[in-house]
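Open the model in your viewer and keep the selection panel at hand. The stops below say what to select and what is there.

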Amino acid sequence: MTNMRFGVVVFPGSNCEQDVVHALRYLGHTADYVWHQDTNLAAFDAIVLPGGFSYGDYLRCGAVARFSPVMEAVSAYANEGRPVIGICNGFQILTEAHLLPGALLRNSGLKFICKETPMRVEKSNCKWLDLPEGTVLHIPINHNEGNYFCDPETLKSMEANGQIVLRYCNEDGSRSVDGSAPNGAMDDIAGICNERGNVFGLMPHPERVTDSLGGNNGTDGAAFFTAIAAYVKGA
Amino acid sequence: MSATNNAAIPAPVSDNVVTLDADLALEVALQLGLNSKEYEGVVKTQGRTPSLTELYIYSLMWSEHCSYKHSKKQLRMFSSEGEHVLQGPGENAGVISVGDGWAVAFKMESHNHPSAIEPFEGAATGVGGIIRDIFTMGARPIACLDSLRFGTLDKPRQRYLFEGAVAGIGSYGNCLGVPTIGGEVYFDEAYEGNCLINAMAIGLMREENLTRAVGSGPGNLVVLIGSSTGRDGIGGASVLASQEFDEAAENKRPAVQVGDPFEEKLLIEVCLELLQRKLFVALGDLGAAGLTSSASEMASRGGVGIDIDVSKVPQRESGMQPFEIMVSESQERMLAVVKPDDFAAVEEACKRWGVACTAIGTITDTGRFVVRDTNLPAGEDIVADMPAEMLAESAPEYDTLMQRPAYLDMLQSFFDEDQEEDSADDPVSRTRFVSSTAEDPQLLHDVLTEHVISGKLPSAVMDTQAFAPTPEAPLNQMFMAMLASPNIASKAWIYRQYDHQVMNNTVVLPGADAAVLRIGDTGRGEMSNRGIAATTDCNGRYCYLDPYTGAQIALAEAGRNLACVGATPAAITDCLNFGNPEKPEVFYTFHEAIKGLSEACKFFNIPVISGNVSFYNESFGNAIYPTPAVGMVGLVDDITKIATTGFKNEGDTIILVGETEDELGGSEYLKVMHGGLVAGRIPKLDLELERDIQAVVRDAVKDGLLASAHDLSEGGMGVALAECCIAGCIGATVALDDDLAAHSSLFSETQSRILVSVAEKNSAELITRLTDANVPYSVIGEVGGSNLNIEGKINLDVEKMTNIYNNILEQLVTRKSA
């Protein structure tokens, strides 16, 4: 597998950056922490915005972090077509920074949810995932605000552009009529990308199911950090 | 009073402290919760009438919460000696070595009183406080567990407390990125006025990074790091935690602090960085009694003096008096001792993390705890001048009166046959009482209907299609009702609200006998195949009926839980929750519980390395059940060789290690099926048998012989079998060969029993080991099918059981108020 150098951004209040670095190193990649005040991302092959509670998420999730100095650099990096992934709080930050459309609202059940959840791979142009459409993955979710929402036109255009990457589903890959998303997400959306497919945001935590010894008894998350290497090498 | 050693009191720094008028001082002292004898001790220690600030400080440091004045003598029964112990009680947390240079710090602490007033913030700041105790030691917090008690969920107030406390724990731990991996919860009327929120935290460090809160080096700076100081939480320790509750309890809400987990997250990172860089001489957190206890304990442990200027303390409110600054319990603050040359580096790191950092005083060689306010004119600026050591470590100590409560004999002998004959007009014969619902379907139906109407059980248990009794399976419905009791049902509704996986080291997720964590420095360094296992246990009902044996059972069950995952107990922390210690009956139960627990600890060779006492858990004169919660940590040599609860494979043999006796006293069965009855003799505990059973199962797990292992506790054999089926999504066919009545065979809570399943290729080896170990066992059935069939007793579809078992708690909590 191709070794890549990932930059993992640390905002004050990030708390999954160490898990991401562990998962990346476990997969044979190089991974370094990027302090939120750093602005030089040139050395990295890909950027990860990890989960956590940036600035406590006391305001809207991600609304403060998007103004960190590093985010301007992340925007420029993304606009060059280089790969950026935002996981959980990172996804929230990407929507706040308008690098991805829509918003993450509070879970419909008004409770934090931490549990392994089935989701299926949709046909998309996301450069971060290279799995057949309909593949069912089991990945833990862990959030209070993961209820994806956007206006109907945006949803339509995302569908048309192949921007919907992951949808929550039932164990067999089917979707229930009244929704399969544990958090109430619109159209069961768990992860989306931008039109170019280089910027990817998702609520589930693939880094938690990469090293099987970590206890979640799964390695479904590894795919999220391997496909991108082929893309970067080819690009 | 033990404040006798007057010769050792160091001389005052100032003879110019403005003292109170003597009569007023006594009056204030009494208002602050000191008694007149203690006030005399203050005057004696000071050699004069105290100032207002001094009086506040004494009242907090000598409050029950800070000084343990009623419990100190009893606590000396505990032994903290053990091969793994690096730090015993007396520090912010105990520390054990776990191999390969790794060490683990852990402690459990109560936040009962604040949570009973304001559950969300009370529970959240409870988590914040215990986590500060952990990283203060130099350890990165890696896990939390919570031992919770509430009244029954049919009461709207109890649902509010329960929901609020769970949300508060989640909000704090989730934000920090510290996984909440386990714990326990019980619902019982006894906790209606006083819920219990006991939070346990575990931290990991390299042994060489162990740090203590011992101030040293006169001339070194005393540095306050973290949040600014406000009036929140003033008197939390003395007002809330050292008195009973009454009608005025609601007015105490302002004494509950508000948590800021984001600030705490920053504190963890900056403090661990600075500890690693060896820039702290000492570090302590500001908990109960705030700056006062933190600074004086640090000085006292180091045998030095400390001089604090309150005008330097960053304040979030204007016009704060020196005493308010000294006793504020504003959260998320740390106190460090720093060499003057290192202060610039400390400031730089704090600035980088966005954390405030202020030098507020110095370490001195005077042995005095001096508080000054440099806003006052020079010469009059010292507002308190006290002997540091006397303040922290020479608080009064009491020999409290004890008396065996009358209820004990009455309840213990409730079912004894040699009692006076039941009178003819007694509607239910006592000796028949325990079997009545099992033998009379109509009575069972009536009991269950009543529970459903009151909201203690969900209506689903009345589903006659799914759970109808048949001649072959007469107890189906009763069985479902037991599984639906919130004390037994799945706690997934709770732990789904907690991040239990962050840090990537949770090997066994919540819901198992014990949580298992991998030892590893996620994302920063070395990972290993070593692990630790952790659990919290205590059956308060047992401790109410028999505090000595009940406390021993708490320890035994914790050890049994660890044995089921293959872990060897290393040490415990405890959180001793009791009523008002000034009542001789309450104090008797406290004494007996500690005696029982400490003797059992010595028998099993398990040291007590940290702990906490919470008294005054009483409302309107009614005390909670004595609840000595045990938090145990054990060592796992290889995290790839563990066992879990669920049955695994069709055809595996099911073996009961141990044997069932007729022991329904204090059981969940009596509580659920007999109108809330809490009576009888609780199960016996044979320590030697318990030790042998734990050892043989633990070794079998470590050697990979077992497919599953699960401890038997509340609800006995029936519930344990159901849990193994539910966790494994597979059925079982079982024949119980004891000679007991059906309900006792299913629900007796006899101790020292573990249910294991084993593949055919390993069963002969296991049986040889059980025989050699001379422990009783019986082969009771086989894994397989989609039903749990206990011959002649119950026959139920596992999926239907799962639906009830998994969803019941949510249904009971979220239903609308009647």
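A disulfide is counted here when two cysteine sulfur atoms lie within 2.5 Å. By that rule the structure holds zero disulfides over all chains. This is a predicted model, in which local features need pLDDT of at least 70 and side-chain atom pairs count only at pLDDT 80 or more, while totals for chains, interfaces and linings use all residues. Residues are numbered from 1 along each chain as its sequence is written, chains are lettered from A and ligands numbered from 1 in the order in which they are written, and side-chain values use heavy atoms, with hydrogens and water left out.

**Stop 1: cysteines**

A:C88 is buried at a relative accessible area of 5% (buried means under 20%, exposed over 50%, partly exposed in between, with a 1.4 Å probe and protein chains only).

Now go to B:C66. The closest cysteine sulfur is that of B:C575, 15 Å away and too far for a bond. B:C66 is also buried, with a relative accessible area of 17%.

**Stop 2: the interface of chain B and chain A**

Colour the two chains separately. Contact, meaning heavy atoms within 4.5 Å, involves 36 residues of chain B and 30 residues of chain A. Together the chains bury about 2700 Å², 53% of it on carbon and sulfur atoms; buried area is the accessible area (1.4 Å probe) that two parts lose on being put together, summed over both. Select B:F262, B:Q501 and B:N504, which supply 23% of the area that chain B buries against chain A, more than any other three residues.

Next, show the polar contacts (pairs of N or O atoms within 3.5 Å; within protein, one must be able to donate a hydrogen and the other to accept it, and residues adjacent in sequence count only if both atoms are side-chain atoms). Between chain B and chain A, 13 residue pairs are in polar contact, both residues at pLDDT 80 or more. Which element gives the most to the side of chain B that touches chain A? That is α10(B), with five residues. Helices (H or I, at least four residues) and strands (E, at least two) are DSSP runs, numbered from the N terminus.

Three salt bridges cross this interface, a salt bridge being a side-chain nitrogen of Lys or Arg within 4 Å of a carboxyl oxygen of Asp or Glu. Select B:R518 and A:D211, which form a salt bridge with their closest N and O atoms 2.7 Å apart.

**Stop 3: salt bridges within the chains**

Over all chains the count is 55 salt bridges. Select B:R206 and B:E526, joined by a salt bridge at 3.9 Å, N to O. B:R206 lies in strand β6 (residues 196-206) of chain B and B:E526 in the loop between β15 (515-520) and β16, so the pair ties together parts 320 residues apart in sequence. B:R206 is partly exposed at 24% relative accessibility, and B:E526 is partly exposed at 44%.

Move to B:K583 and B:E618, whose closest N and O atoms are 2.6 Å apart in a salt bridge. B:K583 lies in the loop between β17 (568-577) and α24 (584-604) of chain B, and B:E618 in strand β19 (residues 618-619). B:K583 is partly exposed, at 28%, whereas B:E618 is buried, at 1%.
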